[in-house]
Amino acid sequence: MSEYTVVGQTVARVDAVEKVTGAAQYGADVHPPGMLYGKLVRSKHAHANILSIDTSAAEKLPGVRAIITQADVPSGRRVFATDKVLYLGEPLAAVAATDADIAEEAAELIHIEYEVLPVVQDVMAAIKPSAPGLHGDATKDGPNRRDINAQIRKLSREKEADHSDEISALEAELEKYPDEVYYNISAESHSEAGDVEKGFAESDVVVEDTYVIPRVHQTYMEPHVSVASADSSGKVTVWASTQGPFAIRSGIAGTLGIPLTQINVIGTTMGGGFGGRFGVIITHVPAVLLSQKTGRPVRVQMTREEEFVDGRPAPGCVIKLKTGATHDGRILARQALAFWDSGSVSGASIGSTIRVRGVYKIPNLKVDAYGVHTNKSGTAAYRAPGAPQAIFAGESQLDEIAERIGMDPVKFRLMNMREEGDAVPAGGSEPKVGYKETLEAVADAAGWWDREAGENQGWGVAVGDWTNGCGPGGVYVSVHEDGSVRIFHGSMDITGTDTAISQIIAEILTVPYKSVTITRGDTDSAPYSTGSGGSVVTFTMGNTAKLAAEDAHQRVLELASERLNTNVDNLELRAGAVHVITADPPKSISLGELAAYSLSTTGGPIVGKGSFARQASTPALAAQIAKVEVDPGTGRTRVLKLVASQDVGFAINPMAVEGQIEGGTVQGYAWAMMEEMQYGENGNINPGFVDYRVPTSADLPTVESVIVEVPAPNGPYGAKGVGEPPITPTLATMANAVKDAIGVRITELPIKPEKVVDALKNNGH
Amino acid sequence: MAKHPVSLTVNGDEHDLLIEPRKTLLAVLRDTIGLTGTKEGCSTGDCGACTVIVEGKAVTSCMVLGVTAAGKEITTIEGLASDGALHPVQRAFIETGGYQCGFCTPGFIIAAKALLDENPARTEEEFRHALGGNICRCTGYTKILEAVMQAAEEIRTTA
């Protein structure tokens with residue numbers, strides 16, 4: 001069926017053997033001679049002033065080689081907290097020792113004196129006037145309110161006298177501040193199209209609800225790790241488990257004031273990233289500082305517990321959403337007000353709130369989103385950052401509307417989906433997309449149209465959209481005298497991208513996939529490459545690879561033209577040889593012969609170069625259907641069927657694409673049903689796999705994946721980014737299925753058994 | 001901390017080592033012997049990335065002290081291929097796409113191998129539960145189960 005011989009085929013990945021034999025080298029497998037073990041010293045309080053840091057006892061421990069604090073950061077840029085900590089686990093110092101256990105012992109011997117401050121960990125509490133202002137003047141913390149809060153704190157500390165009446169009066173004063181003034185705001189984003197008030201007024205049905213989505217951890221299986229080695233010339237080498245070695249290079253350079261030429265970042269095999277390993281530099285900078293101080297290589301490796309307290313997880317949020325529609329099923333208006341928990345720094349994916357618009361024609365849309373400071377670590381990207389949260393709200397509410405107007409949820413969505421040329425609410429117009437095809441494909445595959453549900457069983461559907469990113473990259477291709485093809489580039493492999501690049505180049509140079517090898521350079525040797533996140537790699541590096549292979553292809557034809565004494569127009573590269581199209585008898589020369597010949601030509605060896613940075617991407621849709629059974633006694637939900645379709649444009653390696661769909665869907669399932677970073681009075685209280693449950697093979701059935709291919713005009717062979725879309729609809733898919741099974745809408749994730757039991761009880765069951 | 005003399009056999013090779021009693025078997029394998037194929041994912045026995053076979057049983061090596069493995073026979077991921085040929089489980093993981101980032105893969109392959117040695121005639125549902133001690137964050141488990149079922153089939157038909 002396919003006109004292609006290598007792309008579009010399932011092939012074993014280029015890194016297959018090293019990954020199944022334990023040979024692949026991950027960050028913690030790097031062990032240069034003389035390496036020391038680094039350990040970060042972390043705050044034991046979620047909000048506190050630091051009164052003193054005493055390292056004297058730790059310094060005396062045999063085997064300790066260095067202890068550093070902010071005073072040891074020559075650039076003065078903040079690496080460690082000094083006067084104040086804003087979350088449990090915030091780094092205050094770092095130790096290097098000859099052994100990992102000694103480093104840990106030393107970290108425990110560092111004595112820190114704290115003055116504990118009031119803690120706020122819930123976004124809705126943090127925006128209230130009564131919340132402590134985490135960044136003082138840096139936020140919208142009104143001056144009067146700050147004064148009142150300071151008075152309350154002062155009175156509360158005075159233990160000798162009872163000030164409870166005064167405190168109550170001051171608290172009452174605080175409550176007078178209007179609700180719409182939000183405090184502890186780290187960032188905001190607003191957009192509007194049409195007139196929502198008018199839209200709601202014209203609607204026959206209006207539904208309004210508040211959706212609560214928890215903070216979850218990307219939970220890549222390899223915790224953050226870096227190994228740094230600073231030599232006496234000042235050159236710094238960093239082995240980093242990262243999605244973006246070039247971003248790490250600039251991050252280290254910026255933080256420590258080291259020129260780019262003095263830093264080489266070597267990306268090690270990455271044990272999962274999902275966005276959490278993009279530009280995050282928690283371990284890299286301390287490793288470099290410790291190595292500079294000791295003159296020895298230093299490894300800083302986080303434990304799983306450290307991952308939970310000081311990783312950069314996905315932000316939780318609260319979304320108040322309102323949707324209006326007509327009796328005949330047209331969505332007229334939607335309005336969202338969202339508060340994203342950005343933790344101690346700004347940066348949650350607040351801009352993604354716009355994704356509540358989904359892929360529907362909504363003439364009137366208004367979105368107001370705020371990032372809110374709380375006493376937690378900062379956040380980072382997690383697979384389609386912000387989209388699963390916003391789409392959970394949007395797609396849950398869509399089902400409520402469908403139910404109220406008595407329309408099938410799939411038909412309701414199909415009816416409202418945008419088509420090519422339609423206006424996108426608050427931004428541009430729709431290119432050619434496969435929204436309807438993808439939803440219809442999953443409905444057909446799941447048996448939606450003749451679905452049956454037994455007692456306590458239910459079906460749920462949802463769709464989620466995402467558009468892959470794009471970024472700069474460079475690839476070199478060379479052809480060797482045995483006819484083999486070598487690729488050189490600098491982008492990190494993210495679960496199969498090196499394989500896709502190899503397939504594309506094999507396709508263009510018409511050689512078997514097995515004749516291609518691929519080598520990744522470090523930041524000293526490879527051309528600049530964008531980070532491997534945002535579903536960019538196959539799109540960006542695929543296009544780059546294509547250009548490089550086409551460049552080599554051109555040189556091959558020129559060499560053949562010289563060698564065969566005929567015009568390039570008479571030549572064709574096919575099955576690893578250049579053929580003279582019109583020759584009778586047939587005349588050809590193999591790639592290997594041409595490569596050998598090239599070595600003695602003026603032009604030299606066959607080297608193709610590809611360089612690419614930007615092209616418009618096309619949106620992709622993921623559509624999913626789940627069938628569940630809920631035990632009303634225990635509240636446990638069992639998945640009976642989970643089907644996921646996705647418009648991938650073109651599947652370069654179908655097995656790898658299925659793997660992305662299956663993996664993303666299960667991460668979405670886990671966010672819906674199991675995962676939640678929990679916070680007590682003093683920070684995260686579930687920093688381990690016993691209390692923070694991620695799914696195992698025992699939790700789920702087989703995920704059925706359905707590949708839909710509506711080509712993207714600018715993608716290599718029509719390919720779109722595939723990594724992120726599959727997580728986007730699953731949260732709502734599961735909530736919609738549970739609603740169908742028990743008749744009660746759960747708007748607060750995760751849908752743990754106790755929540756189901758409570759929901760049933762509150763509804764008189 | 002005082003070190004203790006310990007002899008253990010890893011993938012058929014005998015090692016005479018001096019190790020601190022607080023070092024886990026995982027630390028001994030990775031840091032002392034240099035076999036880094038076995039991974040550290042949680043250090044609390046919950047993720048299965050550090051699974052090795054000790055005397056025929058799959059165990060999480062982060063939960064075993066190195067000194068207690070004295071005299072025992074240990075198989076790690078590096079010891080699975082024989083005579084240059086991959087083990088059927090390793091081949092099946094490649095052919096079905098049963099791995100992505102690969103970090104959990106050594107633990108999964110070792111756990112599956114131990115289960116298959118014990119009884120290759122389990123159903124898929126039984127394997128799903130038997131492998132519940134290993135966490136994979138990339139694959140969603142569908143292709144891992146395919147790999148294990150494929151290897152089980154091969155082992156049953158060639159045994």
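**Salt bridges and nonpolar cores in a predicted model**

Let me begin with Arg404(A), which forms a salt bridge with Glu400(A), the closest N and O atoms being 3.1 Å apart; a salt bridge here is a side-chain nitrogen of Lys or Arg within 4 Å of a carboxyl oxygen of Asp or Glu. Both residues lie in helix 11 (residues 387-405) of chain A, four residues apart, about one turn of the helix; helices (H or I, at least four residues) and strands (E, at least two) are DSSP runs, numbered from the N terminus. Glu400(A) is buried, at 4% relative accessible area, where buried means under 20%, exposed over 50% and partly exposed in between (1.4 Å probe, protein chains only).

This is a predicted model, in which local features need pLDDT of at least 70 and side-chain atom pairs count only at pLDDT 80 or more, while totals for chains, interfaces and linings use all residues. Residues are numbered from 1 along each chain as its sequence is written, chains are lettered from A in the order in which they are written, and side-chain values use heavy atoms, without hydrogens and water.

Over all chains there are 49 salt bridges. One of them joins Asp465(A) to Arg355(A) at 3.3 Å between the closest N and O atoms. Asp465(A) lies in strand 16 and Arg355(A) in the loop between strands 14 and 15 of chain A, so the pair ties together parts 110 residues apart in sequence. Both residues are buried.

I turn to the nonpolar core, a set of buried Ala, Val, Leu, Ile, Met, Phe, Trp, Tyr and Cys residues joined through side-chain atoms within 4.5 Å. In the largest, of 103 residues, Ile213(A) and Phe93(B) touch the most other members.
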